[in-house]
Structures are given as C-alpha cells and as structure tokens.
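Please examine the sequence and the three-dimensional structure shown here before reading the report.

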Amino acid sequence: MKKTMKLAGITASVVIGAGFATGREIKTYFTRYGNQSYLIIAAVAVLLYGAILLLLWMPPGKGKFIAVPYVFFCYVLMLSALGKLIEDYTRLPTIIGILAGTLIAFLGLLAGFSRFTVISGVITPCIATLLVILLVKTGVRPYACNLVDFSTFELVASTVKFVGYNSLSALIVLPEIGHQYTKKEKFIGAGIGVIGFSILIFIINMIFLKNISLVENWEMPLIQAISAGGNILISMFSVSLLCVIIAFSLCGSAVGVSRMLLPGKNEFFIGLVFILLAMPLSLLGFGNLMDNVYPVLGFLGSALIIWFGYKFISVQFIIRD
C-alpha cells in the first residue's frame with residue numbers, strides 16, 4: 001500500500017505545474033466553458049488515466065524528440081511565472097524571481113532524479129491541496145455572470161490540449177520509474193493520483209465559475225482569488241505555497257530532462273546547460289507563453305500518446321500470436 005500511495009503522489013505531482021498552480025490552466029481549459037466544463041473534467045480524468053498507465057508501461061527514453069522541447073518550454077513557463085509572482089507581490093524586479101528559480105533548479109540537480117522524485121511526490125500534492133482549501137475558505141464571493149454554450153468541437157479541442165500537455169509532463173518521469181511497480185500498484189496508484197488531481201480541478205473550477213466575471217481578467221486567478229478575500233497574511237502564505245510548487249516543478253523539469261537526455265554521470269552538466277539557456281527566454285512573460293505555446297504542445301502531446309498507444313497495442317498482438 002505504501003508503494004501504491006507513493007506512485008499516486010508522484011502521478012499527481014508530475015501534472016501539477018505552474019499552469020495548474022496559478023489557476024491559469026484551469027481558467028483557460030475548463031472555466032471559460034461554463035457548466036460544460038464539468039464534462040471536460042470527466043473526459044480529462046478518463047483519458048489522462050489511460051495516458052498515465054501507458055507511460056508507466058513504456059520503456060525509458062521514448063519520445064525524446066517531443067519531450068525535450070516540451071520540458072524546456074515548461075521550465076521557461078514556470079520560471080517566468082515565478083518571476084511574475086515575485087514582481088506582483090514583492091515589487092522586486094522580475095529578474096530576481098528568475099534568478100531565484102534558477103538557483104532552486106540548480107539545487108534540484110544536486111539532489112538527483114531519484115531523491116527529488118520521491119520528495120516531490122509527497123510535498124507537491126499536499127501543497128496544492130492546501131491552496132485549494134485556502135481558496136474555499138477565503139476566496140471571493142459569487143457574482144452573477146452570463147455563460148454561453150460552446151460547440152462539441154471546442155470542448156473536444158480543450159480536452160485534447162489539456163490531456164496532451166499533461167501527458168508530456170508525465171513523460172519525463174513515469175517511464176523512468178514504471179519498472180519499480182507491479183501491475184496492481186500501477187493501476188491503483190495511477191487511479192488515486194488522477195482522481196485526486198481531478199477533484200482539485202473540480203473544486204477550483206466550481207469556485208471560478210461563481211466568480212467568472214472577475215476570474216476571466218486575472219493572469220494568476222488562483223492566487224488572486226485567495227487574495228481577494230482581504231486577509232493579507234493568508235494571501236502572502238498562499239503566494240509562498242505557490243512559489244514552492246513552482247520551485248519543485250522547476251527542479252523536476254531540469255532533473256527529468258537531464259536524465260532523459262544523458263543518464264549517468266553527465267546528467268548534472270546537461271541540466272546545468274538546460275537551466276542557463278532558459279533564463280533569457282523566461283523574460284518573454286508568463287501570459288504570452290501560456291496563451292501561445294501551450295496549445296501547440298497540447299496537440300503534440302496528444303498525438304504522441306496516440307502513437308505510443310498504437311505501438312503498445314501492436315506489440316501486444318504480436319506477443320499473443
């Protein structure tokens with residue numbers, strides 16, 4: 001049971017990044033669709049569970065040609081988000097947050113892949129849950145709003161982009177650890193992780209829907225919704241929690257890509273080059289990166305998972321024959 005819960009925590013942690021933790025991802029791919037967003041959440045839970053199981057059975061190192069550019073973008077996005085947070089809530093220059101994030105990623109490289117994965121699998125889901133509790137207890141009050149219906153194509157597109165992007169998030173970790181778990185542990189652990197992640201999305205989305213007239217104008221709606229409650233101490237505490245989640249995500253990206261590209265004694269140096277190259281790009285801005293690059297990577301991730309699924313099923317038929 002201990003290994004199952006460990007896998008559940010790792011599963012949740014690999015899909016909780018800057019986009020989820022700031023609320024930007026939920027606002028863009030769920031809340032904007034009004035009550036139809038609950039259908040998307042249900043579809044995402046089923047499809048993401050299948051994708052994660054597939055990744056747990058996949059040999060390490062597959063999909064590098066898409067995974068490495070994705071991880072690089074993801075790292076840049078999270079570094080930019082940290083810089084934005086520091087600027088908004090401390091009035092310090094954005095570059096201070098970016099430099100702090102770079103230092104944190106460096107420390108993650110020193111910790112190494114295995115040690116960091118276990119720690120992140122415990123801490124990241126706990127902090128995300130605590131942020132949701134703060135949102136429920138201190139968030140903004142309901143406002144009246146008008147919601148419009150969207151076409152089936154738009155709902156499907158949003159589902160595909162979200163599942164694809166978060167499958168890529170899992171690609172840098174899950175194939176590396178899948179061999180450590182039994183078939184039963186994979187099915188149950190992945191299920192618990194996806195259910196927990198989906199419940200967090202459901203709660204945040206429900207509160208966002210009640211405040212959609214405000215949320216739609218916010219760049220980091222989760223933190224801004226908590227801050228709108230008026231308690232300065234809780235606001236600063238929530239910002240600190242978000243910074244920790246982003247810090248762990250930064251470490252995960254740097255450590256994961258170094259393991260995927262060059263496992264062994266040279267992992268550290270690959271990771272160091274990776275984080276230094278990302279610094280200037282992170283100055284492009286969190287909102288611009290999230291709106292323009294995220295959808296493309298979402299579709300690429302979905303295409304990659306479909307391809308992996310096809311290859312996996314083909315191999316199973318060959319084995320049976």
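The report below covers the model as a whole, the packing of its helices and some of its residues.

## Basis of the model

This is a predicted model, in which local features need pLDDT of at least 70 and side-chain atom pairs count only at pLDDT 80 or more, while totals for chains, interfaces and linings use all residues. Residues are numbered from 1 along each chain as its sequence is written, and side-chain values use heavy atoms, with hydrogens and water left out.

## Overall composition and confidence

The protein chain contains 16 helices and zero strands; helices (H or I, at least four residues) and strands (E, at least two) are DSSP runs, numbered from the N terminus. Of its 321 residues, 55% count as buried, a term for under 20% relative accessible area, with exposed meaning over 50% and partly exposed in between (1.4 Å probe, protein chains only). Among contacts (heavy atoms within 4.5 Å) between residues at least 6 apart in sequence, 89% join residues at least 24 apart.

The average pLDDT, the predictor's confidence in each residue from 0 to 100, is 76 for the protein chain, and 78% of the residues score at least 70. Confidence is highest in helix 4, at 90, and lowest in helix 16 (residues 294-320), at a mean of 64. The pLDDT falls below 50 over residues 142-146, a stretch that has nine contacts in the model beyond near neighbours in sequence.

## Helix 4 against helix 10

Two packed helices are described by the angle between their axes and by the distance between the axes. Axes are lines fitted to C-alpha atoms, for helices over the stretch in contact, and angles run from 0 to 180 degrees between N-to-C directions. Helix 4 (residues 37-57) and helix 10 (residues 183-210) have axes that come within 9 Å and cross at roughly 155°. Helix 4 is therefore roughly antiparallel to helix 10; angles over 145 degrees count as roughly antiparallel, under 35 as roughly parallel, 65 to 115 as roughly perpendicular and the rest as oblique.

The crossing of these two helices is right-handed, which applies if the near helix is turned clockwise from the far one by less than a right angle, and left-handed if anticlockwise. The residues of this contact comprise 17 nonpolar, four polar and two charged. Here Ala, Val, Leu, Ile, Met, Phe, Trp, Tyr, Cys and Pro count as nonpolar, Asp, Glu, Lys and Arg as charged, and the others, Gly among them, as polar.

## Helix 4 against helix 8

Helix 4 also packs with helix 8 (residues 152-171), at an angle of about 30° and with the axes 9 Å apart. The two helices are therefore roughly parallel to each other, and their crossing is right-handed. Residues making the contact include Ile40, Ala43 and Val44 of helix 4 and Leu155, Phe162 and Val163 of helix 8. The contact divides into twelve nonpolar, four polar and no charged residues.

## Selected buried residues

Leu56 lies in helix 4 and counts as buried because its relative accessibility is 2%. Beyond residues up to four places away in sequence, Leu56 touches Leu7, Leu174, Gly178, Lys186 and Ala190. Leu56 and Lys186 are 130 residues apart in sequence, yet 7.2 Å apart in space, C-alpha to C-alpha.

Helix 13 (residues 232-261) holds Val255, and Leu250 is found in helix 13 as well. Leu250 counts as buried at 0% relative accessibility, and Val255 counts as buried at 3%. Leaving aside neighbours within four places in sequence, Leu250 is in contact with Tyr75, Met78, Leu79, Leu82, Gly101 and Ala105.
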